[in-house]
Amino acid sequence: MEALTDLQYQPQRTADTNDFDPFYTECKNACDFPLWLKLQHDIRAGLEQLLAETAHALPEDFAERLNTINNRISDYNKHVPSVFLRKPVLTPGNWTEECEDWL
């Protein structure tokens with residue numbers, strides 16, 4: 001069997017394939033990123049900033065900032081196209097481990 005070498009090849013999509021590919025159907029008609037992807041980037045940026053600031057000590061408003069990120073995670077979980085992409089909320093005990101999944 002010969003390997004497919006044409007990089008321009010695009011498989012034909014049918015109604016059946018669209019049912020199994022929610023990202024394709026959401027992005028097909030959009031001229032911008034879906035809300036859940038925007039939230040994902042926003043959450044990631046907030047976690048990167050929080051990690052950088054907590055390298056030496058926890059800031060005074062750590063719980064408030066973690067709550068803000070958790071609100072964004074909640075919104076992300078509402079808009080993500082698959083339940084398999086949902087993320088747990090962050091707590092002071094698990095936030096460093098969960099950051100690895102976001103970054």
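Colleague: In what order do the elements of the protein chain run from the N terminus on?

Modeller: In this predicted model, the elements run α-α-α-α-α from the N terminus on, and the chain accordingly has five helices and zero strands. Buried residues make up 24% of its 103 residues, while 51% of the contacts with a separation of 6 or more are between residues 24 or more positions apart.

Colleague: Why is Asn70 called buried?

Modeller: Asn70 has a relative accessible area of 14%, and buried means under 20%, so Asn70 counts as buried. Asn70 is found in helix α4, which covers residues 62-79.

Colleague: What does the side chain of Asn70 reach, and how do you know that the pair is within the limit for a polar contact?

Modeller: The side chain of Asn70 reaches the backbone nitrogen of Leu90 at 2.6 Å, and because a polar contact needs N or O atoms within 3.5 Å, that distance meets the limit. Leaving aside neighbours within four places in sequence, Asn70 is in contact with Val89 and Leu90.

Colleague: Is Asn77 buried or exposed, and what makes it so?

Modeller: Asn77, which also lies in helix α4, has 16% relative accessibility; because the cut-off for buried is under 20%, Asn77 counts as buried. The side chain of Asn77 reaches the backbone oxygen of Lys87 at 2.8 Å, and, with neighbours within four places in sequence left aside, Asn77 is in contact with Arg86 and Lys87.

Colleague: Why does Gln40 count as buried?

Modeller: The relative accessibility of Gln40 is 17%, and since this falls under 20%, Gln40 counts as buried. Gln40 lies in helix α3, residues 35-53, and touches Tyr76 and Trp102, not counting residues up to four places away in sequence. Other buried residues of α3 include Trp36, Ile43, Gly46 and Leu50.

Colleague: How does the reach of α3 from its first C-alpha to its last compare with what is expected?

Modeller: With 19 residues, α3 reaches 27 Å, which is close to the 27 Å expected at 1.5 Å a residue.

Colleague: How many residues are in the largest nonpolar core, and which have the most contacts inside it?

Modeller: The largest nonpolar core has 16 residues, and those with the most contacts inside it are Ile43, Leu47, Ile69, Tyr76, Leu90 and Trp95. Helices α3, α4 and α5 each supply at least two residues of this core, and the largest share, six residues, comes from α3. Ile43 touches Ile69, Arg72, Ile73, Tyr76 and Trp102, not counting residues up to four places away in sequence. As a general background, nonpolar side chains tend to be buried together in soluble globular proteins.

Colleague: How do you know that the buried residues of α5 line one face of the helix?

Modeller: The buried residues of α5 are Trp95, Glu98, Cys99 and Trp102. Seen down the axis of α5, these residues fall within an arc of 115 degrees, so they line one face of the helix. On the other side of α5, Glu100 and Asp101 are exposed, and what covers the buried residues includes α3 and α4.

Conventions. Residues numbered from 1 in each chain as written. Predicted model: local features only at pLDDT ≥ 70, side-chain atom pairs only at ≥ 80, totals over all residues. Heavy atoms only, no water. Helix = DSSP H or I, 4+ residues; strand = E, 2+ residues; numbered from the N terminus. Buried < 20%, exposed > 50% of the residue type's maximum accessible area, 1.4 Å probe, protein only. Contact = heavy atoms within 4.5 Å. Polar contact = N/O pair within 3.5 Å; in protein donor to acceptor, adjacent residues only side chain to side chain. Expected span 1.5 Å × (residues − 1). Core = buried A, V, L, I, M, F, W, Y, C linked by side-chain atoms within 4.5 Å. Arc of directions from axis to C-beta.
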